[in-house]
Amino acid sequence: MLFMCHQMAAKKEAQEKLKAEQLRKARAVVDVPIIWILGGPGCGKGTQCAKIVEKYGFTHLSSGDLLREEVASGSDKGRELQAVMSSGGLVSNQEVLSLLNGAVSRAKGNSKGFLIDGYPREKNQGIAFEEQIAPADLALYFECSEDTMVQRILARAAAAAVKRADDNEATIRSRLQTFKQNTSAILEQYVDKTLTINAERDVDVIFTEVVDAIECVLKKRQKAVASC
Ligand code: AP5
Ligand code: MG
């Protein structure tokens with residue numbers, strides 16, 4: 001019995017070592033900040049990312065944009081993705097992660113940092129990302145009421161030359177539902193690296209808090225390098 005316990009403990013230790021080694025290797029490959037941008041549909045993720053790109057020159061990867069590019073390509077896969085997105089549900093993580101992985105790999109040599117917009121949307125997505133791509137330094141969660149999010153999307157749709165296929169009231173409601181089902185689990189899981197920002201305010205006021213958080217990440221990374 002005692003022998004079995006020792007064996008199990010040794011196996012667990014070996015598995016943990018292997019996992020830590022995989023994560024260490026992944027971090028060495030992507031050696032710039034990685035920031036997850038979270039929040040419901042229309043909360044302002046894309047808007048804040050554009051401002052971060054302008055100030056810091058980071059690479060903005062929106063899971064929604066990558067999926068829409070695949071849809072626009074007219075491929076069979078694109079047609080399947082379109083059906084899920086038009087229903088307001090979540091595309092399989094295999095598809096999303098593979099698109100993100102490809103985009104990170106293409107950009108990583110020249111990137112100053114990555115903004116991963118709209119990902120993770122469920123607990124397992126975060127785990128898969130950190131195992132297969134790299135650990136995230138920070139998650140910014142833009143908190144916003146449903147009414148505000150609906151108003152913002154409808155206003156965006158009204159002003160757009162080409163309206164997004166999922167920017168209609170029925171799909172917006174379904175997107176909100178999907179968001180509500182999954183978000184608290186992500187926030188609980190990543191409580192240590194998540195900053196919640198009130199996104200009901202003016203774009204520039206929100207951005208000052210975003211900048212403070214990014215400066216903090218950059219300082220932490222500098223200290224880590226200095227201590228090596
Ligand atoms: P995605 O494209 O990510 O859409 P979303 O999450 O619904 O969010 P939006 O892009 O609509 O809004 P946003 O938060 O970027 O707001 P924006 O800055 O544009 O995903 C689409 C679909 O793809 C999903 O439903 C799913 O099917 C699939 N998908 C994506 N990721 C996935 C994943 N990880 N796993 C599985 N499936 C996935 O702002 C909106 C409007 O508000 C703009 O007009 C803007 O000017 C305005 N605005 C912004 N901030 C403010 C402010 N502070 N004050 C006033 N107006 C503001
Ligand atoms: Mg967006």
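A polar contact is a pair of N or O atoms within 3.5 Å. Residues are numbered from 1 along each chain as its sequence is written, with chains lettered from A and ligands numbered from 1 in the order in which they are written. In this predicted model local features need pLDDT of at least 70, side-chain atom pairs count only at pLDDT 80 or more, totals for chains, interfaces and linings use all residues, and side-chain values use heavy atoms, without hydrogens and water.

Q: How far is a backbone N or O atom of Gly89 from an oxygen atom of ligand 1?
A: Gly89 is among the closest of the 29 residues that surround ligand 1 (a heavy atom within 4 Å). A backbone N or O atom of Gly42 lies 3.0 Å from a ligand 1 oxygen, and one in the side chain of Lys45 lies 2.8 Å from a ligand 1 oxygen. For the backbone of Gly89, the distance to an oxygen atom of ligand 1 is 2.6 Å.

Q: Which element gives the most residues to the shell around ligand 1?
A: Two or more residues each come from H2, helix H3 (63–72), helix H7 (146–159) and helix H9 (203–226), helices being DSSP runs (H or I) of at least four residues. With 4 residues, the element that gives the most is H3.

Technical notes: Polar contact = N/O pair within 3.5 Å; in protein donor to acceptor, adjacent residues only side chain to side chain.
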